[in-house]
Amino acid sequence: MLDIKLVEIGYFLSRCGIEQPPKKLNCSNWKDAYKCFYKKLHNGKTEKEFNNSLKNIRDHFDSYLRNSRRGWHDNNGNPDKLPEQYLFILNYLEKLDDDSLWEYIKPYAILSTNDLYWKFDLSTFRLLGRELITDRITALVELVKNSYDANAKNVYLEFSNTLSNKESKLIIRDDGFGMSFNDIRDKWMTIGTDSKRINKFTPKPFSRRVVGEKGIGRFAIDKLGLNCKIYSKIKSEKRLNLLSINWQEYETNVTTNEFNQVKNKLKSKFFDKRCSGVKIEIRHLHSIWTKEDIDRAYKELSKLVSPFNQLYPPFNIFISSSDYENYKYLTLVKNDSIKYSTESFEIKSDIEKNIQEIVVFDKDKLVKRNKEIFNFGPIKFNLYYFNQSAKSQFTKGTKLNIEQQIDGIKIYRDGVLTTPFAENESHQDKKRDVLGIDKRRYSGFFDRLSSRDIIGIVEITKDFSPNIIDSTNRQNFLETADYNELKDFIISQVHELEKYLKYKKKISTDILDDDLQEAKNNLENFTGEIQGLKKDIESKSNINVEQKLKELEKKAIDASIAIKKGIKQHQQERDESEQKEKMFMSLMSLQTYALEITHIIKTSLGHIKRRAEFNHDYYDDSDFKEDIKVYNEEIIYEIDKLSKAIEFMSTYTRSEKNWQPFNIQDAIHGVFRSYQPIFAKNIIRTEIDIQNNIIIDYNIYLFEDIIKNLMNNSIKALEKIKNDKLIKITGYIEEDALILTFSDNGIGIPKKLKEKIYDIYYTTTSEDGGNGMGLYMVKTNLEAIKGSIELISSELDMGATFKIIFPFKKDKNEE
Amino acid sequence: MKNNTEIIIIDDVLKEDDPLIKVLRKKSEYKEIKLFSHSQDGLNYILMNLEKDFIVLLDIDFPGEKNGNQILYELRKENKLIPVIIWSAMDGSTGYDFTSFINNHALYYVKKDTSIKEIIFRIDAAYHYLQLDVASAINRWLLLQEDKKQILSVDSAGTKYSAEDLITEIRKQTSEGRKIEKEIIELTIDLLFREKVVMND
């Protein structure tokens with residue numbers, strides 16, 4: 001049966017399209033033109049059948065309407081007679097002009113033209129765009145991953161005028177294979193039909209493992225800016241596609257929940273150059289990109305490709321920003337952090353022989369052993385350790401921020417960094433330590449490495465480690481059995497390195513001991529000789545005393561040199577550690593602290609004054625009835641706090657002698673001893689684990705006060721605990737700071753109070769011990785010396801753990 | 001509504017329920033009162049919305065963040081017109097150096113323990129300053145222009161300036177911006193006095 005609608009369309013195709021399909025359809029070939037109608041009219045036909053019947057109808061009309069294209073002809077060479085139904089249709093469609101005809105046909109077509117709709121619903125968009133891409137850096141990385149997947153050799157990220165809202169612009173362009181018009185329509189704007197899932201590798205000779213599996217990169221654009229233009233060109237087409245998106249329109253359409261009804265403008269124009277690639281131009285960036293942001297982007301991008309898997313063909317990332325001198329010109333993003341390391345090892349695996357290398361510390365060195373491949377799959381693991389001098393070498397060589405560069409162990413899958421790939425925390429301590437390298441340190445072992453000392457690169461493959469899976473927010477891995485085993489394995493390997501480093505430290509001490517032993521022997525020898533000489537003189541034996549004395553003098557000089565050498569070496573060793581301590585000293589003058597207190601008091605007086613003034617001015621204003629009550633209470637509370645602050649100040653400012661260097665282990669033991677009766681009464685167990693040789697130049701009273709305040713809080717938190725009660729303090733030096741962690745296994749602190757506990761207004765009970773200023777004073781205290789206190793996740797099952805950082809003054813001139 | 005000006009308070013200690021904010025919101029006629037606890041957030045907001053009228057109340061001490069000094073310096077790089085009132089517990093007795101605040105055109109200084117009335121008095125004064133300041137007035141006029149790309153001025157070297165360009169010159173108080181300002185003042189005075197002569201006839 002002939003479908004009338006098909007005939008109508010055939011007429012339209014024939015009349016409005018000659019060599020090219022009708023312009024209205026915006027298709028470059030006939031196949032695509034037929035496709036526009038297939039969805040609505042296929043009536044069970046396959047695409048091929050459908051196309052054939054349309055072509056047939058078109059041919060009929062072509063031969064009837066003109067001679068330029070040979071359609072159907074009869075034996076005499078005249079156009080074939082049109083079937084009756086065709087004539088019937090021709091009769092009424094002929095009367096329409098081109099535009100009216102198009103209006104008539106339009107409802108049958110699904111257009112691949114100017115107005116494109118996203119092929120998914122709003123909720124999907126929000127989930128993917130807003131929740132999976134958590135920050136701007138992640139967004140950038142996702143877009144660069146797309147370039148990688150497109151076989152780009154070079155990606156350029158160009159920021160300009162990011163300090164101004166109106167002129168800010170970010171261009172991301174690459175020389176990859178680009179997207180055709182159909183790609184944009186059918187792939188880029190459609191979720192779930194991701195071609196990347198089918199093709200795991202990109203076309204040869206690149207054969208890259210596809211990394212942007214979820215196809216969410218495109219939504220990253222939304223995270224970056226308001227307006228976006230995407231230019232795209234593929235090699236085989238002579239056209240340049242331009243898609244414009246204005247996200248603001250989506251926002252305004254949110255209420256109607258018809259996201260996919262918002263038009264996107266897709267244009268395509270003739271462009272005769274055999275090049276390919278994608279250029280994404282984002283304007284009206286959502287926020288300012290500071291120098292630090294660009295640095296962070298650089299850093300995260302540098303981690304995208306493992307420094308050990310040099311790609312061929314290459315994949316280069318360039319970054320520039322018009323706002324900053326350092327980034328004025330396009331800068332190649334490199335990852336060459338590893339060449340400065342002090343110690344390193346590499347372990348590999350061999351899939352065919354079922355061998356996984358591991359390292360083991362054996363007596364005096366690290367050795368490799370072969371094992372069978374673990375459940376989590378074969379891995380390659382490079383670990384680099386940086387000691388203090390290596391770190392300063394590193395800083396000199398790279399001019400990069402060391403703390404940002406040396407940041408622990410990362411996992412690469414098929415040569416590309418995987419979770420967590422773009423941390424947006426600028427604060428090192430808050431960074432997610434996925435493998436838990438730093439967490440181990442809270443348990444107080446000083447010979448354990450921190451993520452700041454090592455760079456590790458673990459390489460896995462998707463095929464052999466299928467159960468190492470990224471979590472959906474891409475900030476962690478799923479806790480599968482394989483992942484846990486991998487994590488344990490990596491930590492065990494780090495531990496082998498730790499054992500080796502500990503051994504090396506011991507060796508250098510032993511050598512010193514040997515030197516001193518030799519000096520001691522020399523001395524004994526010398527004493528013996530003198531004794532002998534003495535006897536000789538006494539017995540007046542006929543020996544040339546002068547000669548013997550000369551020999552002795554020579555020996556004495558030798559011995560003296562040996563002893564001096566020994567002493568010097570010992571002194572040097574001690575000086576080194578003492579120097580270290582001195583370098584770590586931080587002297588905050590009383591004056592500085594007084595200023596801090598003055599500041600607090602003035603701020604507090606301002607609080608009181610404004611409240612009093614308010615109550616005075618508006619006491620009969622019915623608008624403010626409730627406020628006045630609250631303010632009255634706050635005034636009383638604030639005044640109480642003020643008097644406590646003054647009391648607190650006077651108790652320790654009396655004696656100048658509190659300001660001198662002290663050993664922190666002694667100080668902490670002292671405080672714990674003074675609490676002994678309370679511990680005994682409440683049956684609280686304590687653990688103190690403090691590095692012995694730490695001397696700091698600070699006020700011992702202020703230091704003790706910090707410990708006491710934390711102690712009081714812990715004792716309170718332990719009151720209602722029935723089982724084993726524990727308070728634990730550890731102290732160690734990390735880089736240029738003393739780190740104390742203070743833990744208890746008490747009732748803990750609810751998450752919502754995490755920030756509130758430092759508030760001067762915050763109190764649990766009125767009868768708390770110590771100086772009553774609590775954590776507010778501790779925090780102020782620490783801030784005055786550029787330190788900090790933070791409630792970190794507890795090492796114990798319950799309770800609270802505080803991490804306190806006392807930074808050391810690096811530059812002696814710095815005040 | 002008296003005016004379109006937003007009051008931006010950048011202070012890490014102040015809370016939303018402070019009497020100052022309450023009084024400003026209920027008893028004054030400023031369009032909006034915005035409080036930022038993080039100095040960078042406040043600065044970003046201002047820089048991203050330079051087309052709005054602002055009066056800024058800026059604290060100095062932000063532990064671990066950019067201090068008031070740095071914030072003012074960075075703001076002034078982009079805009080020299082916004083009135084900024086320094087509000088701080090720091091004063092001469094704490095040995096704090098205020099030189100850079102003055103050099104970066106802070107309008108007033110009020111102490112942390114100043115009364116609400118005094119603070120509002122200063123804010124109102126800043127508002128009047130904003131209204132009477134010639135550069136701010138030109139800036140407002142330029143912002144009203146519909147076509148900001150249209151060439152409004154050509155200097156002796158032949159450089160063309162659109163409304164958009166002029167806004168930048170005026171805000172940053174470049175030599176060109178100041179020159180235009182000066183010319184407008186001279187022209188205005190000239191016109192006013194000419195009018196007077198005519199009116200007196």
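**View 1. The contact between chain A and chain B.** In this predicted model, the contact (heavy atoms within 4.5 Å) takes 30 residues from chain A and 29 residues from chain B. About 2,700 Å² is buried between the two chains, and carbon and sulfur atoms give 56% of that area; buried area is the accessible area (1.4 Å probe) that two parts lose on being put together, summed over both. On the side of chain A, the most area is lost to chain B by His599(A), Lys602(A) and Arg610(A), together 25% of what that side buries.

View 2. The rule finds six salt bridges here, a salt bridge being a side-chain nitrogen of Lys or Arg within 4 Å of a carboxyl oxygen of Asp or Glu. In the salt bridge of Asp18(B) with Arg610(A), the closest N and O atoms are 2.7 Å apart. Helix H17 (590–618) and helix H18 (625–653) of chain A each supply at least two residues of the side that touches chain B. H17(A) gives the most to that side, with 15 residues. Helices (H or I, at least four residues) and strands (E, at least two) are DSSP runs, numbered from the N terminus.

**View 3. The open three-stranded sheet of chain A.** Its strand order is E11-E12-E13 (chain A), with antiparallel pairing; two strands pair if DSSP finds at least two bridges between them. Strand E11 (349–350) and strand E13 (365–371) of chain A are the edge strands, each pairing on one side only. Seven bridges join strand E12 (residues 355–362) of chain A to E13(A). Gln356(A) stands opposite Lys371(A) in E13(A).

**View 4. The open five-stranded sheet of chain A.** The order is E19-E21-E22-E24-E23 (chain A), and the pairing is mixed. Strand E19 (684–690) and strand E23 (788–792) of chain A each have a single partner strand, so one side of each is left without a neighbour in the sheet. E23(A) and strand E24 (residues 800–807) of chain A run antiparallel and are joined by five bridges. Glu790(A) has Lys803(A) in E24(A) as its bridge partner. Helix H21 (residues 700–718) of chain A packs on the sheet, and its direction makes about 20° with that of E22(A). Axes are lines fitted to C-alpha atoms, for helices over the stretch in contact, and angles run from 0 to 180 degrees between N-to-C directions.

**Notes.** Residues are numbered from 1 along each chain as its sequence is written, and chains are lettered from A and ligands numbered from 1 in the order in which they are written. Local features need pLDDT of at least 70, side-chain atom pairs count only at pLDDT 80 or more, and totals for chains, interfaces and linings use all residues, while side-chain values use heavy atoms, with hydrogens and water left out.
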